[in-house]
Amino acid sequence: MTLHYIVPGDDFTRAGEASGDLKRKMKKLGFPSDVIRKVSIALYEGEINMVIHAYGGEITAEISSSEIDLTLADTGPGIPDIEKAMQDGYSTATEQVRNLGFGAGMGLPNMKKYTDEFQIESEVGVGTTVRMKVYNHS
Amino acid sequence: MTVRDIIDYLDAELLFGDDELLDQEVQHACGSDMMSDVLAFVKDQAVLLTGLINTQAVRTAEMMDMKCIVLVRGKDPLENVIELARERDICVLKTEHTMFCACGILYKHGLRGGHSV
């Protein structure tokens, strides 16, 4: 099954809609709760990143019985130093974003932590694509 | 303890929650205003104490399968928060206590931090 979501870049309150929807669909499909949790957290952090850093983007989720494959693509400003961005606590988020409860520098590290495969490609001025896989162990 | 007990211990106001939700047993909680920290460190906590009053508090609770959000420092939630909590079946309470005191009171009554990832 392939699902497609558009993440609007201008509405912070809607960030998390895609992850919530995917979570409910996976529940209905009977995936184990820890697999659902990992996918939800990784995708939610990705959605938040798309809204606060990249003016939105697109998500493709491919669900099979053996794994969940997530691709998050945006045409935002890109990440100049990926290694730095992957460090716990490193953040370029504004004070305004921090006041909204994010920007603790845990977004990308969380996405990596909760997924079995994690790849990120980014080009300044072009955009960022994150690919993540979570295996279904059942 | 149950969510109903939390209302009692914190002199909290119930902003959303039906009988079934209020009778839920909860054993572990966490307190944070940073949702990324909740997503990073929380494992099986059912209660989120926070000063964050936007919809992302509800979405974070949803992702972590939490049952109850306690808004501390007497803050009222922004619009859409209660509506979203109702859709997601998550209780929302409001207390005048500060984060420190609210956590302390609940800890005194047996609520614990639980495991973190």
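A:Phe12 is buried in this predicted model, with a relative accessible area of 14%; buried means under 20% relative accessible area, exposed over 50% and partly exposed in between, with a 1.4 Å probe and protein chains only. Residues are numbered from 1 along each chain as its sequence is written, and chains are lettered from A in the order in which they are written. Because the model is predicted, local features need pLDDT of at least 70 and side-chain atom pairs count only at pLDDT 80 or more, while totals for chains, interfaces and linings use all residues; side-chain values use heavy atoms, without hydrogens and water.

Over all chains, the structure holds two aromatic pairs. Rings of Phe, Tyr and Trp (its six-membered ring) pair if their centres lie within 6.5 Å; planes under 30 degrees apart count as stacked, over 60 as edge-to-face and the rest as tilted. A:Phe12 and A:Phe102 form an edge-to-face pair, at 6.1 Å centre to centre and with 70 degrees between the planes. A:Phe12 lies in the loop between strand 1 (2–8) and helix 1 (17–29) of chain A, and A:Phe102 in the loop between helix 4 (95–99) and helix 5, so this pair ties together parts that are 90 residues apart in sequence. Helices (H or I, at least four residues) and strands (E, at least two) are DSSP runs, numbered from the N terminus.

A:Phe102 is buried, with a relative accessible area of 1%. A:Tyr44 and A:Phe102 also form an edge-to-face pair, with 6.0 Å centre to centre and 85 degrees between the planes. As A:Tyr44 lies in helix 2 (residues 33–53) of chain A and A:Phe102 in the loop between helix 4 and helix 5, the pair ties together parts that are 58 residues apart in sequence.

A:Thr115 is placed in the loop between helix 5 (107–113) and strand 4 (117–123) of chain A. This threonine, A:Thr115, is buried, with a relative accessible area of 9%. Leaving aside residues up to four places away in sequence, A:Thr115 touches A:Ala42, A:Met132, A:Lys133 and A:Val134, where contact means heavy atoms within 4.5 Å.

In chain B, the charged end of B:Arg112 sits over the ring of B:Tyr107, 3.8 Å from its centre. A charge sits over a ring if NZ of Lys or CZ of Arg is within 6 Å of the ring centre and within 35 degrees of the ring normal.
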